[in-house]
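User: I have a structure open and want a quick walk through it. Can you take my questions as they come?
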Amino acid sequence: MSETGFLLPDPEDPDNAPFWAATARGELRVQRCIGCGRRRMPPRPMCPGCRSLEHDWEKLSGRATIWSFVVPHPPLLPAYAELAPYNVIIVALDEDPTIRLVGNLVASADGSIGEIDSETIQIGEAVRVVFSPLGDVHLPRWVRG
Ligand SMILES: [Zn+2]
């Protein structure tokens, strides 16, 4: 856990560092196998399809649809309890719906994860990525449209 009180990823992790370097530049990138073209997330050294170790980081549009969501209930960690009720969404990326990312639906990049009325969230809604600076990372979050 970081000094923010939030559970945050380690941007220095060797497999994940290129992902977090991209989000810091305002880009959503996923690993893509050079051998077979398959995208993969979370990042890892070897392609599960063809076992190639060669890969690049494809820049995506940042467009996605809401695949599922939850509204977490107590008990929550203190940093999260202050923001409750809030949403956690799973999005399927437009370029590759088999890749799903966990995040939050917000009104803007600097918005709170509790500012969207969860009753209004619809599975299948179109969303696009924004990047919220938090601790040492820029977290992908999602806005409508
Ligand atoms: Zn492959």
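**Working through the fold**

Analyst: Happy to. L7 is a place to start: this residue sits in the segment before α1. Keep in mind that the model is predicted.

User: Is L7 buried or exposed?
Analyst: L7 counts as exposed, because it has 11 C-beta neighbours inside 10 Å. The cut-off for exposed is 12 or fewer.

User: How far is L7 from L77, C-alpha to C-alpha?
Analyst: Their C-alpha atoms are 9.2 Å apart. Along the chain, 70 residues separate the two.

User: Zoom out. How many helices and strands does the protein have?
Analyst: Two helices and eight strands. In sequence order the pattern reads α-β-β-β-β-α-β-β-β-β.

User: What share of the residues is buried?
Analyst: Buried residues are 21% of the 145.

User: Now the sheet. What is the strand order?
Analyst: β6-β5-β4-β7-β8, five strands in an open sheet with antiparallel pairing. β6 (100-103) and β8 (137-144) are at the edges. Each has a single partner strand, so one side of each has no neighbour in the sheet. From one strand to the next, the twist averages 40 degrees.

User: Which helix packs on that sheet?
Analyst: Helix α1, residues 17-24. It touches β7 and β8, and its direction makes about 60 degrees with that of β8.

User: How many bridges join β4 and β7?
Analyst: Three, in the antiparallel sense. β4 covers residues 63-70 and β7 covers 126-134. A64 is opposite V127 of β7.

User: What about the core? Which residues touch the most other members?
Analyst: In the largest nonpolar core, of 17 residues, they are A64, I89, V91, L105, V106, V127 and W142. β4, β5 (88-93) and β7 each give two or more residues to this core. As a rule, nonpolar side chains tend to be buried together in soluble globular proteins.

User: Take V106. What is it in contact with, beyond four places in sequence?
Analyst: V106 is in contact with G111, I113, E115, I116, R141, W142 and V143.

User: Last one. What share of contacts with a separation of 6 or more joins residues 24 or more positions apart?
Analyst: For the protein, 52%.

Definitions and conventions
Residues numbered from 1 in each chain as written. Predicted model: local features only at pLDDT ≥ 70, side-chain atom pairs only at ≥ 80, totals over all residues. Pairing = 2+ DSSP bridges. Helix = DSSP H or I, 4+ residues; strand = E, 2+ residues; numbered from the N terminus. Axes fitted to C-alpha atoms, helices over the stretch in contact; angles between N-to-C directions. Contact = placed C-beta atoms within 7 Å. Buried ≥ 20, exposed ≤ 12 C-beta atoms within 10 Å, placed from the backbone. Core = buried A, V, L, I, M, F, W, Y, C linked by C-beta atoms within 7 Å.
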